Amino acid sequence: MTDGISKQKLDLIASTFLFENMDEIVVERIISDSRCAWERYSKGSKIFDETHFRRCLGILVMGEIRVDKKTTDGKYMKMSCLTAGECFGAAAMFSGRDRYATVLTAEKNVEILFIPEELIRWAMRRDFTITENYIRYLSNRIWFLNEKISSLTAGSAEQRLAVFLLEQC
């Protein structure tokens with residue numbers, strides 16, 4: 001077992017999209033790499049915002065993170081809440097953009113494993129399963145966002161309601 005990483009944490013990390021269908025030994029090797037960072041944030045702390053972020057994949061190991069989007073009037077709208085085992089940063093990692101799309105705030109005390117882009121690239125070159133998992137994840141996100149766009153552009157209020165109700169079935 002990797003220094004300081006419990007079996008429970010290893011299993012949680014191994015269950016994320018990135019490591020789907022991967023041997024646990026490979027997962028353990030990647031997350032024990034010195035380029036990874038394990039960090040804790042207390043409730044209310046900003047983890048990422050529009051201008052302060054890292055090019056990495058964050059895996060929430062413990063706690064909850066609120067994801068907000070800044071609206072055109074400068075307010076923040078809650079988009080989602082991440083729980084243990086969920087990831088963030090996948091879309092921003094290879095984008096090259098200098099801004100992050102959302103604001104991430106610790107809703108509870110959290111522990112996060114940050115896997116930097118350079119380590120993800122290294123792992124992708126060595127095991128194509130990681131590359132396929134990453135592409136599958138981003139493809140599913142594109143489908144999700146396209147469905148959201150469809151529901152917002154469905155036409156009349158009745159049509160948008162019908163699309164929403166169909167999505168809920």
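Which residues touch the most other members in the largest nonpolar core of the chain? Phe19, Ile31, Leu57 and Ile115 do, in a core of 26 residues. A nonpolar core here is a set of buried Ala, Val, Leu, Ile, Met, Phe, Trp, Tyr and Cys residues joined through side-chain atoms within 4.5 Å, and buried means under 20% relative accessible area, with exposed over 50% and partly exposed in between (1.4 Å probe, protein chains only). The largest share, 5 residues, comes from α4. Apart from this core lies another one, of 16 residues, among them Tyr41, Leu60, Leu82 and Phe114. In soluble globular proteins, nonpolar side chains tend to be buried together.

A word on the model itself. It is predicted, so local features need pLDDT of at least 70 and side-chain atom pairs count only at pLDDT 80 or more, while totals for chains, interfaces and linings use all residues. Residues are numbered from 1 along each chain as its sequence is written, and side-chain values use heavy atoms, with hydrogens and water left out.

Now for the overall picture. The chain has 6 helices and 8 strands, taken as DSSP runs numbered from the N terminus (helices H or I, at least four residues; strands E, at least two). Read from the N terminus, the order is α-α-β-β-β-β-β-β-α-β-β-α-α-α. The C-alpha trace spans about 55 × 35 × 30 Å along its principal axes, and 37% of the 169 residues count as buried. Contact means heavy atoms within 4.5 Å; among contacts between residues at least 6 apart in sequence, 73% join residues at least 24 apart.

Back to leucine 57, one of the core residues named above. Setting aside neighbours within four places in sequence, leucine 57 is in contact with Phe17, Leu18, Cys87, Phe88, Ala90, Met93, Leu113, Phe114, Ile115 and Ile120.

As for the strands, 4 of them form an open sheet, ordered β1-β8-β3-β6 with antiparallel pairing; two strands pair if DSSP finds at least two bridges between them. At the edges sit β1 (37-41) and β6 (87-88), each pairing on one side only. The antiparallel strands β3 and β6 are joined by 2 bridges, and isoleucine 59 has cysteine 87 in β6 as its bridge partner.
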